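Visitor: Please put the model up first. I will ask about one piece at a time.

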Amino acid sequence: MMFSLARNLPSTFKSAIRFKHTLPSLPFDYGALEPIICKEIMEIHHTKHHQTYVTNLNAAEEQLKDAQSKNDVSKIISLGGALRFNGGGHINHSIFWQNLTPDRTEPSKELKAALEQQFSSFDNFKKELTTLTVAIQGSGWGWLGYNKKTGKLQLAALPNQDPLEASTGLVPLLGIDVWEHAYYLQYKNVRPSYVEAIFEIVNWKDVSNRFAVAK
Ligand SMILES: [Fe+2]
């Protein structure tokens, strides 16, 4: 059996085993988020876009392993961009799918209280995150994160596939993908309508769990 074989290997061999990243399954059907996000968008977003980040992350890690074996520092440095972009894309989308649900959910008592304290009201939090996210120039993500140093919730807007925690130190709780691949087939150029609508399908149970773990 695979796992017992790996478990019985000497530690020097274990460190040489590299597990490839794989595309995580969606926790719902492609059409489950309609009418907020149509089936076609979900299917392309998951099977094409997210899959490409996974494939390219694995390829970049292979090159990194090769460069490390040759002690090629220049090559190692040159791989930074590909690792950030594709690794970020994999991390961000893996969170995004968990952040969404066709079911009606509510924030936990603790998260709701923290949001109200931080942003005056729950509606004002949604308004601030929407405004920040809609205003992102080009492609990127709007985030609700948790700042472990201050113990407070914090909003952030990041470009491209920059991952929240590696870029800012904030623990990601809720991410909104505003790459055009996330909405253009359905919402065309009207990004504000997509961002406002996405709050209808936020999985507050997942966001609340992330908040509880981060604290
Ligand atoms: Fe995306």
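Visitor: In which loop does P35 lie?
Guide: The model is predicted: local features need pLDDT of at least 70, side-chain atom pairs count only at pLDDT 80 or more, and totals for chains, interfaces and linings use all residues. Residues are numbered from 1 along each chain as its sequence is written, and side-chain values use heavy atoms, with hydrogens and water left out. Helices (H or I, at least four residues) and strands (E, at least two) are DSSP runs, numbered from the N terminus. By that numbering, P35 lies in the loop between helix 2 and helix 3.

Visitor: What kind of peptide bond joins E34 and P35?
Guide: The angle to read is omega, which is about 5° for the bond between E34 and P35. That bond is cis.

Visitor: L23 is in a loop too; is it buried or exposed, or in between?
Guide: The loop of L23 runs between helix 2 (11-14) and helix 3 (39-69). Buried means under 20% relative accessible area, exposed over 50%, and partly exposed in between (1.4 Å probe, protein chains only). The relative accessibility of L23 is 24%, so L23 counts as partly exposed.

Visitor: Which residues does L23 touch?
Guide: Contact means heavy atoms within 4.5 Å. The C-alpha atom of L23 is 9.3 Å from that of T52, which is 29 residues away along the chain. Leaving out residues up to four places away in sequence, L23 touches H46, T47, H50, Q51 and V54.

Visitor: Which residues give the iron ion its protein donors?
Guide: Donors are N, O and S atoms within 2.8 Å of the metal (3.2 Å for Na, K and Ca); water is not among the atoms, so sites may look incomplete. Along the sequence, the donor residues of the iron ion follow the spacing H-x47-H-x83-D-x3-H. Lying 1.9 to 2.1 Å from the ion, the donors come from H45 (NE2), H93 (NE2), D177 (OD) and H181 (NE2).

Visitor: What is the geometry of the site of the iron ion?
Guide: Four donors count as tetrahedral if all angles lie between 85 and 135 degrees; four count as square planar and six as octahedral if opposite donors are over 155 degrees apart and all others between 65 and 115; anything else is irregular. The angles among the 4 donor atoms of the iron ion are 91 to 134°, and the site is tetrahedral.

Visitor: Are D177 and H181 buried or exposed?
Guide: Both residues supply donors to the iron ion. D177 and H181 are buried.

Visitor: How are helix 6 and helix 11 oriented to each other?
Guide: Axes are lines fitted to C-alpha atoms, for helices over the stretch in contact, and angles run from 0 to 180 degrees between N-to-C directions. Helix 6 (residues 109-119) and helix 11 (residues 204-214) have axes 9 Å apart, at an angle of about 80°. Angles under 35 degrees count as roughly parallel, over 145 as roughly antiparallel, 65 to 115 as roughly perpendicular and the rest as oblique. Helix 6 and helix 11 are therefore roughly perpendicular.

Visitor: How do the residues of the contact of helix 6 with helix 11 divide?
Guide: Helix 6 brings E110, L111, A114 and L115, while helix 11 brings W204, V207, S208 and F211. Ala, Val, Leu, Ile, Met, Phe, Trp, Tyr, Cys and Pro count as nonpolar, Asp, Glu, Lys and Arg as charged, and the others, Gly among them, as polar. The residues of this contact divide into 6 nonpolar, 1 polar and 1 charged.

Visitor: What do the buried residues of helix 11 pack against?
Guide: In helix 11, the buried residues are W204, D206, V207, S208, F211 and A214. They pack against helix 5 (80-99), helix 6, helix 7 (122-134), strand 1 (140-147), strand 2 (152-159) and strand 3 (171-177).

Visitor: Which residues does I198 touch?
Guide: I198 is in helix 10 (residues 191-198). At 1% relative accessibility, I198 counts as buried. Apart from residues up to four places away in sequence, I198 touches I36, I37, F96, L100 and I176.

Visitor: What is the phi of N71?
Guide: N71 sits in the loop between helix 3 and helix 4 (73-78), and its 62% relative accessibility makes it exposed. Although N71 is not a glycine, its phi is positive, at about 55°.
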